[in-house]
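Thanks, everyone. I will go through one structure today, starting with the interface and then moving to a few local features.

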Amino acid sequence: MADEKIPYTQYLQADGSVVGNLPEFAEDQELVLALYRHMNRARRFDTKAVAMQRTGRLPTFPPALGQEAFHVGFASAMSADDILFPTYRDGPAQMVRGVQLEELLLFTAGDERGSDFQVPRCDFPQAIPIATQTAHAVGAAYAMKLRGEKSVAVTTIGDGGSSKGDFYEAMNFAGVWQAPVIFLINNNGWAISTPRDRQSAAPTLAQKGDAVGVPGQQVDGNDVLAVYHVVSEAIAAARSGKGPALIEALTHRLTDHSTADDASRYRDADLLSEQWKEEPMIRLRTYLSNQGWWGKEDEESMLTELDQEIERAVENFEASDAPEAAAMFDYMYAELPADLMAQRAEVIAAHGHEGDGS
Amino acid sequence: MAELTYRDAVAAAIAQEMRRDETVVFLGEDVAWAGGVFKTTVGLLDEFGEKRVRDTPISEQAIIGAAMGAAMTGLRPIAEIMFSDFFAVCWDLIANQIPKTRYMTSGQVIMPLVIRTANGGGVRFGAQHSQSIENWAMMIPGLKVVAPSTPADVKGLLAASIRDDDPVIFFEQKSLYADKGEVPDGEYVEELGKAKVLREGTDATIIALAAMVPRAMKAAERLQAEDGISASVVDVRCLVPLDTQTIFAEIRKTGRAFTVEENPRLCGWGAEISSLAMEECFWDLDLPLIRITTPHIPLPSADALEDEALPSVERIYNTVREGLD
């Protein structure tokens, strides 16, 4: 899929061997181990959430299986003051940013309190409609620039989302305004059942930036070091006033679009087993082990800790009270108009109290 | 008669019409290889091939724009918008282009197209994927608006919509997809613009649409069983054309009318029926028409709150019983 005019970055190949000259940070043991831990947390959480959905404990959930390097790589490259405008598959990136697992579970269960995350306060909630968040990111970047702040807006979209008019219009604005915004495409090859080659006839999605003067590049989205590197550089450039960037990460969606989907209807099983060979965790573990930073015991104790952390989050989530029925009127307006006060009173009257919603 | 689900009736209607008319084509996101995200169009790709059953990129404006262009040049396209909420991103086509073209070309151009969509709540999809937007479509001159409540009506009314020479917005209520019902065998086409009296009654008239119809029926049965109240239930089926003749006749019989609407309260279709009934049936009314609606709020996705917000059997039962007190 690479195109000679579009830069492509990869450091870790599928077998864990290194190509080219590694950037300096790759020698930072603490940083790279943190990336690995975040990726593992994401995958364990994902497995747990899917199991919960299958047993009726969670509604529809969009797994990120196979795309952990993308999410963890870009989110780790952001500073605390940058703002993320995520899409629905970005739970793992939100975890890196500080959103609690329990909050993600609440959000998945339709409880708005899950989007009221305590950290990071300025990040946006997941956009479930496609591509709407791209324009929000441009507006936020403009506001930051106007106020003289050095923050950068980062927004994500899928390969399918790049077909939406919103995406082109947002990039065009960002180009004209030289707004500090990074557009990240998680090209996982599928938009539900629509494969990449039926989404666009463009050889790369990164080149879509050319039309609007936004530089585009591709990165191996299964290589967390490569993702971290190119996103860090793009953020640094945007922070120093050099304007927006478009980065297309090539990943594989190793499972269904969501728990409501069954990809076996439309995806070749052989293709999937080929793609599993390129998944992001093993190559990083090989790198860690080659560096002498990681062994079997480290792995086991990390997984135990992560599973305990996830279990605690699930317990807290399942112990949280259902919202009160009258809460459905909360936050509609700064002050609830009289006619809605009357409708709210009707709901309360039906319960004899504020109502536990059941 | 065969028993079909509401979702299977969608594919059955499309297949029936594609077999008899080669100008009927079908396009949308994930409609072909995946058989629709709600599995409403399974089997169509296999039977009719990729030239007539087409997956598209995620581009709602292009889906509806292309369907419009095809309709203007001799095809009868069926376009799917996955969730009715997404009408908002292609609203220029739906509100400004499609319904006005016949009018502005003095009838030189016809617009035989159907936009099918999964509408409404009940499945925890949240404020941006659960809206009941039939009232948005209803207020645009030039569109026809259909919202079936049973598998038989899905088949009969969708077939009629496809054969219609005007643009039809076809709202499938997504919480009904698994519902089963008898569907007539063979070619089956209903007439647009006809309400259906599902239950005759003498004390109250309950007027409902789509997913509110089965709830209204259950409430009516309970009113009869527990309180001896005899309620008729009218399934509106089409908002445009609106079958005021049937609706008014049922209102006049009892003098006590209730609408059950899934849409948020303000400017819901029941407000229009209430206004019309006041003009046309005023002297036959014993009570002001009472509207049972979702409050005027975005639909919450938390289980408990969504159940609370949508009109329930319990709320319909209580409102009618108290209204007659």
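Chain A and chain B together bury about 2,600 Å², and carbon and sulfur atoms account for 58% of that. On the chain A side, the residues that lose the most area to chain B are A:Arg198, A:Arg265 and A:Met328, which together make up 23% of what that side buries. Please keep in mind that this is a predicted model.

In terms of contacts, 34 residues of chain A meet 31 residues of chain B. How many salt bridges are there between chain A and chain B? The count is two. In one salt bridge, A:Lys164 pairs with B:Glu60, with the closest N and O atoms 2.7 Å apart. There are also eight residue pairs in polar contact across the interface of chain A and chain B. As for where the chain A side comes from, helix α11, residues 338-351, gives the largest share, four residues. By residue type, the side of chain A that touches chain B has 16 nonpolar, twelve polar and six charged residues.

Next, the surface of chain A. A nonpolar patch is formed there by A:Tyr142, A:Leu146, A:Phe173, A:Val176 and A:Trp177, with about 540 Å² of accessible area together. Which helices each supply at least two residues of the patch? They are α5 (132-146) and α6 (165-177) of chain A. Helix α6 of chain A gives the most, with three residues, and A:Trp177 is found in that helix.

Back to salt bridges, now over all chains. The whole structure has 43 of them. One is between A:Arg37 and A:Glu305, where the closest N and O atoms are 2.8 Å apart. This pair links distant parts of the chain, 268 residues apart: A:Arg37 is in helix α1 (residues 29-54) and A:Glu305 is in helix α10 (residues 296-319), both of chain A.

Last, the backbone. Most residues other than glycine have a negative phi, and most peptide bonds are trans. Here are some exceptions. A:Val119 and A:Pro120 are joined by a cis peptide bond, with omega about -10°; A:Pro120 sits in the loop between α4 (101-108) and α5 of chain A. In chain B, the bond from B:Val240 to B:Pro241 is cis as well, with omega near -5°, and B:Pro241 lies in the loop between β12 (238-240) and α9 (244-254). B:Arg124, which is not a glycine, has a positive phi of about 65°. The loop that holds B:Arg124 runs between β5 (114-119) and α6 (134-138) of chain B.

Terms used:
Residues numbered from 1 in each chain as written. Chains lettered and ligands numbered in written order. Predicted model: local features only at pLDDT ≥ 70, side-chain atom pairs only at ≥ 80, totals over all residues. Heavy atoms only, no water. Contact = heavy atoms within 4.5 Å. Buried area = accessible area lost by both parts, 1.4 Å probe. Salt bridge = Lys/Arg side-chain N within 4 Å of Asp/Glu carboxyl O. Polar contact = N/O pair within 3.5 Å; in protein donor to acceptor, adjacent residues only side chain to side chain. Nonpolar A, V, L, I, M, F, W, Y, C, P; charged D, E, K, R; others polar. Patch = residues over 30% accessible without salt bridge, like charges linked within 9 Å, V, L, I, M, F, W, Y side chains within 5 Å. Areas by Shrake-Rupley, 256 points an atom, 1.4 Å probe, with all protein chains shown as cover.
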